[in-house]
Each structure stands twice: as structure tokens, then as C-alpha cells.
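Please examine the sequence and the structure shown below before reading on.

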Amino acid sequence: MQHVDVREMPFDPWQYLADWQAQQLPENARSGATAVFVGTMRDFNEGDDVIGMYLEHYPGMTERQLATLVAESSQRWSLDAALVVHRVGEILPAQPIVLVAVWSAHRAAAFEACRHLMETLKHTAPFWKRETLSNGTVRWVDRNTLG
Amino acid sequence: MPIKVLFFASLRERIGQSQRLLETDTPLTLQEVWQRSSGETHLPDNVLRSVNQTYVDANSLVQPGDEVAFFPPVTGG
């Protein structure tokens with residue numbers, strides 16, 4: 001079971017996880033491990049106070065690229081399920097931007113796949129951040145942080 | 001069928017347009033697509049490119065009817 005959701009509306013990652021797990025995952029005992037990553041908007045970047053962000057993306061290619069990543073990771077680590085949810089549009093500090101969750105039989109695969117999905121997403125999925133600073137300056141983020 | 005060219009984020013602002021249609025009956029190299037759509041002669045190494053929503057290298061050939069996109073390094077997550 002694989003699911004990708006690129007959305008403009010804010011979301012609660014824990015509620016999303018609970019709902020998706022309840023509705024989509026079969027009630028069997030295959031998955032001994034669940035690994036979850038939630039990325040949230042910071043109110044600072046590169047030493048400046050950030051009060052808002054706009055996330056642009058490439059509709060169509062974004063979903064396609066994420067689905068490819070999820071499918072490749074699911075095969076490589078024999079995942080039982082994988083979920084990627086990503087915000088676009090106007091985002092405020094403390095709002096979740098991204099949720100990555102994977103289910104597998106054992107924890108090593110779950111941890112590794114979750115991290116791989118997240119890191120690969122940051123370098124290949126066509127999203128771009130434009131942030132607004134507290135002094136009114138608007139700027140494009142030109143690189144990812146190291147980790 | 002024209003080639004549809006898209007520009008995103010800071011590159012869109014630099015080029016001054018988000019979309020361009022190139023009329024052609026024959027395949028073009030990605031370099032030719034860049035030159036005819038952006039007005040700039042050289043495709044910079046740090047500009048990413050996709051054809052029909054899949055990443056391609058700078059030497060790719062583009063067919064009439066294809067959708068090409070040029071964009072800066074991505075910063076999601």
C-alpha cells in the first residue's frame with residue numbers, strides 16, 4: 001500500500017497517520033516496525049527570522065516523482081506500506097510541511113527507508129521555498145540545509 | 001505540435017515568463033529549446049531540466065509535443 005498526497009490545506013500529521021492506518025492498512029501482523037518523520041516550518045533560517053513561506057511546486061511532476069521514490073523504496077526495503085504527505089502554498093511557522101511514514105517487518109528497514117525517502121525527496125522532488133523575513137524581505141531558498 | 005516550455009520559481013522570475021510554446025515540426029536539442037525559450041545562449045549547469053516530467057541530461061533530444069521544464073535546485077521537505 002502506497003500513498004502520496006500533495007496538498008494546499010494544513011494537516012495534523014498524527015491525525016492523518018491514525019486515519020490512514022485505520023482506513024488503508026490491513027489488520028494483519030506483518031509490520032513490526034513503523035518509522036515516521038515529520039518536517040515542520042521553522043521561524044528562522046540562515047540567521048534570519050522567518051514569518052512565512054510559500055511552497056511552489058510542479059503539479060504533475062511532483063506527484064509522479066514522489067510516487068516513483070515511494071515505489072523504488074518499497075521494493076528496495078520490502079516495505080509493507082509507505083506514505084508521503086507534502087504541503088504546498090502558503091505555510092506558517094510551526095505548521096507541518098512533510099510527513100513520511102513507512103511500515104515494514106523490521107526496524108532497520110523502516111529507519112533506513114524513511115530516511116532515504118526524506119533525503120531523496122529533498123533533492124529530487126520539484127518543490128521550491130520562498131520565505132518572507134520579519135523585515136519584509138522575500139527571498140528564494142537556494143539550497144537545502146545539510147541535515 | 002509545439003513544444004511546451006515551463007519555468008519555475010526563481011528561474012521563472014529571472015526569465016520573466018512561466019510558459020512558452022515553441023513551434024517546431026522536428027526534434028530540438030535541449031540546448032536549442034533553452035536558447036529559443038529563454039533568450040539566453042548557454043544552459044547553466046545549475047538549471048535542472050525535465051522532459052515530460054522526468055529528469056533528463058543536458059544532451060537530450062526533445063520531440064514536438066513534449067513538455068520541457070527548466071528549474072532551479074529543489075528545496076522541499
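## The interface between chain A and chain B

Across the interface of chain A and chain B, one salt bridge is found. The partners are A:Glu56 and B:Arg12, whose closest N and O atoms lie 2.6 Å apart. Side chains of opposite charge can pair when their charged atoms come close.

The interface also holds 14 residue pairs in polar contact, with both residues of each pair at pLDDT 80 or more. On the side of chain A that touches chain B, two or more residues come from each of strand S4 (48–57), helix H2 (61–76), strand S7 (96–104), helix H3 (107–124) and strand S8 (127–133) of chain A. H3(A) supplies the largest share of this side, namely five residues. Sorted by class, the side of chain A that touches chain B comprises 13 nonpolar, seven polar and six charged residues.

## Extent of the contact

In total, 26 residues of chain A are in contact with 20 residues of chain B. Between them, the two chains, A and B, bury about 1,800 Å². Carbon and sulfur atoms account for 54% of that buried area.

## Confidence in the model

The model is predicted. For the complex, the predictor gives an ipTM of 0.95 and a pTM of 0.94. Chain B has a mean pLDDT of 96, and 100% of its residues reach 70 or more.

## The sheet of chain B

Chain B contains an open sheet of five strands with mixed pairing, in the order S2-S1-S7-S4-S5. Strand S2 (19–22) and strand S5 (54–55) of chain B each have a single partner strand and stand at the edges, so one side of each is left without a neighbour in the sheet.

Strand S1 (residues 3–7) of chain B runs antiparallel to S2(B), and four bridges join the two. Within this pairing, B:Val5 has B:Arg20 in S2(B) as its bridge partner.

## Salt bridges in the whole structure

Over all chains, a search of the whole structure finds ten salt bridges. One of them joins the side chains of A:Arg30 and A:Asp80, with an N to O distance of 3.2 Å. This pair links distant parts of the chain, the two residues being 50 residues apart. A:Arg30 lies in the loop between helix H1 (13–24) and strand S2 (33–40) of chain A, whereas A:Asp80 lies in the loop between H2 and strand S5 (81–87) of chain A.

Definitions and conventions
Residues numbered from 1 in each chain as written. Chains lettered and ligands numbered in written order. Heavy atoms only, no water. Contact = heavy atoms within 4.5 Å. Buried area = accessible area lost by both parts, 1.4 Å probe. Salt bridge = Lys/Arg side-chain N within 4 Å of Asp/Glu carboxyl O. Polar contact = N/O pair within 3.5 Å; in protein donor to acceptor, adjacent residues only side chain to side chain. Nonpolar A, V, L, I, M, F, W, Y, C, P; charged D, E, K, R; others polar. pLDDT = per-residue confidence, 0-100. Pairing = 2+ DSSP bridges.
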